[in-house]
Amino acid sequence: MANVPVAAVAAVAASGLVGGYGVARWTGKRPLGGVALAAAGSLAAYEWNRQAGPRAAAGLTAAYVAAFAGSHPLAKKVGAWPAVFTVAGGVAAASWAVTRRARR
């Protein structure tokens, strides 16, 4: 199986959060945004498991879900897009750090 770069997995996770919100906002259909969020999250979780193992994948998946949930109250303080970009950056950084460490 081909090695997927660590940065690519981090980008997929971040893109799932940003893309999920974007799809929901621009289509007006929140479930459609949820599909985008879940699809990217599933792909990222698969790669996290493959690259760093099931414990790391479970932790990063929990962080992904927590970031999604946490973006809602954060949006009330800083605005929707800044909140989404903030949590997406946090998930990307966590993904990169955990999977990079596991590859050593």
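Let me start with a definition: a residue is called buried under 20% relative accessible area, exposed over 50%, and partly exposed in between, using a 1.4 Å probe and protein chains only. By that rule Trp81, with a relative accessible area of 23%, is partly exposed.

Hi everyone, and thanks for coming. What you see above is a predicted model, so local features need pLDDT of at least 70 and side-chain atom pairs count only at pLDDT 80 or more, while totals for chains, interfaces and linings use all residues. Residues are numbered from 1 along each chain as its sequence is written, and side-chain values use heavy atoms, with hydrogens and water left out.

Let's stay with Trp81 for a moment. The structure holds three aromatic pairs. Rings of Phe, Tyr and Trp (its six-membered ring) pair if their centres lie within 6.5 Å; planes under 30 degrees apart are stacked, over 60 edge-to-face, and the rest tilted. Tyr21 and Trp81 make an edge-to-face pair, with 4.7 Å from centre to centre and 80° between the planes. This pair joins distant parts of the chain, since Tyr21 sits in helix H1 and Trp81 in helix H4 (residues 80-103), 60 residues apart. Helices here are DSSP runs (H or I, at least four residues), numbered from the N terminus. Tyr21 is also partly exposed, at 22% relative accessible area. Both rings belong to one aromatic cluster, formed by Tyr21, Trp26, Trp81 and Phe85.

Now to H1 itself. How far apart are the end C-alpha atoms of H1? They are 31 Å apart, which agrees with the 32 Å that its 22 residues should span at 1.5 Å a residue. That expected span is 1.5 Å times one less than the number of residues. Among the buried residues of H1 are Val9, Ala10 and Leu17. Just after the helix, Gly28 takes a positive phi of about 75°.

Next, packing. Two packed helices are described by the angle between their axes and the distance between the axes. The axes are lines fitted to C-alpha atoms, for helices over the stretch in contact, and angles run from 0 to 180 degrees between N-to-C directions. Helix H1 (residues 6-27) and helix H2 (residues 30-52) pack at about 170°, with axes 7 Å apart. That makes H1 roughly antiparallel to H2 (the word is used for angles over 145 degrees). Residues making this contact include Val9, Gly16 and Val23 of H1, and Ala36, Glu47 and Trp48 of H2. Contact means heavy atoms within 4.5 Å. By type, the contact residues divide into 14 nonpolar, six polar and two charged. Here Ala, Val, Leu, Ile, Met, Phe, Trp, Tyr, Cys and Pro are nonpolar, Asp, Glu, Lys and Arg are charged, and the others, Gly among them, are polar.

Is Glu47 buried or exposed? At 9% relative accessibility, Glu47 counts as buried. Not counting residues up to four places away in sequence, Glu47 touches Val4 and Val9.

Ser95 is buried, with a relative accessible area of 0%. Leaving aside neighbours within four places, Ser95 is in contact with Val9, Ala10, Trp48, Leu60 and Arg100.

Last stop: Arg101, also in helix H4. Arg101 is exposed, at 65% relative accessible area.

Technical notes:
Helix = DSSP H or I, 4+ residues; strand = E, 2+ residues; numbered from the N terminus. Parallel < 35°, antiparallel > 145°, perpendicular 65-115°, else oblique.
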